[in-house]
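This report describes selected features of one protein chain. The sequence and the structure are shown first, and the description follows.

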Amino acid sequence: MICAYTEVRWRELVAAVASARRQTVAPLEVIVVVDHSPRLLERARAELPKVIVVANHEPPGLSGARNSGVAVARGGVVAFLDDDAAAAPDWLEQLGAAYRDERVLGVGGEIEPVWESARPRWFPAEFGWVVGCTFRGLPERTSVVRNPIGANMSFRRELFETVGGFRSGFGRVGTRPLGCEETEWCIRAQRRRPDGVMLYEPRARVTHRVTASRARWRYFTSRCYAEGMSKALVAQVAGKRDALASERTYVVRTLPRGVARAFADAGRGDPAGLARAGAIVVGVTITAAGYLIGRVRGVVDRSRARTAAPAHA
């Protein structure tokens, strides 16, 4: 399934569809979901042969688009690919192999950035998630994870019948850089199926285009802040323990190692190492600020809701 919302990415969408169809294990179907763009919907139906093209029938946003696609999917496993990503030829083969184990609920894979402009030297590998890609700190071999990354993930379709769909109010809407809809959904799924696991399979590879606008410091900081806000929403719905389980290890282990590595690079004659160390510190600080502000807003909103609720006789 590929969700799209703008004609600006038409060439990338065509390439994504082609990569999904050019697999060593042929997909049962390729579904393109168009998120509230009538022109794109008409063009996709006219110019994408042998593809199921449907509209997002829920509120605008990635969550609703994915739910609309799942509603028409027939396969036992639904694999998700971004409209600006392209799958390796054995992508589905690598994802599908893991489902021989009945405990496996979902599988995600590696997402390699393809930078439209040169990758900024200040950009730390630990923050690959800012541009929707694999980041330093993820496992290097098949491992159990809390949730995969949205640009390269798959789930058993039957789960959506028992767990429900991605939650409205989470996830990206157009260019608004929120996320975490897959995080909240995976927590919900594993609570319903505590015997099940989500896997990260680095051999299931896709490439993900990173535009020049996303290689700028302004996008970096705004995406970090949005991630903190998104995590606050997940914590509000799913509880702080599960919402931040992976992030604790990331902050305590991965980021300090990243700072140390960046300083070591600077000591070896790479002045950009200092910039990477600074970006890590600023990135985690802004993310934490977004989380705290999101938590405070959540408390205020719940308080207002209780105050506005009519008293029972």
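Trp91 touches Gln23, Ala79, Phe80, Leu81, Asn152, Ala204, Arg205 and Val206, leaving aside residues up to four places away in sequence; contact means heavy atoms within 4.5 Å. The model is a predicted one, in which local features need pLDDT of at least 70 and side-chain atom pairs count only at pLDDT 80 or more, while totals for chains, interfaces and linings use all residues. Residues are numbered from 1 along each chain as its sequence is written, and side-chain values use heavy atoms, with hydrogens and water left out.

**Nonpolar cores**

Trp91 is also among the residues with the most contacts inside the largest nonpolar core, which has 55 residues; the others named are Leu13, Val32, Phe127 and Val130. Apart from this core lies another, of 23 residues, including Val33, Ala65, Val70 and Val78. A nonpolar core is here a set of buried Ala, Val, Leu, Ile, Met, Phe, Trp, Tyr and Cys residues joined through side-chain atoms within 4.5 Å. Buried means under 20% relative accessible area, exposed means over 50%, and partly exposed lies in between (1.4 Å probe, protein chains only). In soluble globular proteins, nonpolar side chains tend to be buried together.

**Strand pairing**

Helices (H or I, at least four residues) and strands (E, at least two) are DSSP runs numbered from the N terminus. Two strands pair if DSSP finds at least two bridges between them.

| Strands | Sense | Bridges |
|---|---|---|
| S1 (residues 2-4) and S4 (residues 77-82) | parallel | 2 |
| S4 and S8 (residues 152-156) | antiparallel | 5 |
| S2 (residues 31-34) and S3 (residues 52-55) | parallel | 4 |
| S6 (residues 104-115) and S9 (residues 197-210) | parallel | 11 |
| S6 and S8 | antiparallel | 3 |

Individual partners can be located within these pairs. Ile2 has Leu81 in S4 as its bridge partner, and Phe80 stands opposite Met153 in S8. In S8, Phe155 is the bridge partner of Gly106, while Gly108 stands opposite Tyr200 in S9. Val32 is partnered by Val53 in S3.

S2, helix H2 (residues 38-47) and S3 form a right-handed β-α-β unit. A crossover is right-handed if, with the strands pointing away from the viewer, the path from the first strand over the helix to the second runs clockwise.

**Helices and selected residues**

Helix H1 (residues 10-21) has 12 residues and spans 17 Å from its first C-alpha to its last, close to the 16 Å expected at 1.5 Å a residue; the expected span is 1.5 Å times one less than the number of residues. Its buried residues are Trp10, Glu12, Leu13, Ala16, Val17, Ser19 and Ala20.

Glu184 is placed in helix H6 (residues 181-192). Glu184 is buried because its relative accessible area is 2%. Its side chain makes a polar contact with the side chain of Arg167 at 3.2 Å. A polar contact is a pair of N or O atoms within 3.5 Å; within protein, one must be able to donate a hydrogen and the other to accept it, and residues adjacent in sequence count only if both atoms are side-chain atoms.

Ala226, in helix H7 (residues 217-238), counts as buried at 6% relative accessibility. Ala226 and Gly290 are 64 residues apart in sequence and 6.5 Å apart in space, C-alpha to C-alpha.

Glu158 lies in helix H5 (residues 158-163) and is partly exposed, at 46% relative accessibility. The C-alpha atoms of Glu158 and Val33, 125 residues apart along the chain, are separated by 20 Å.
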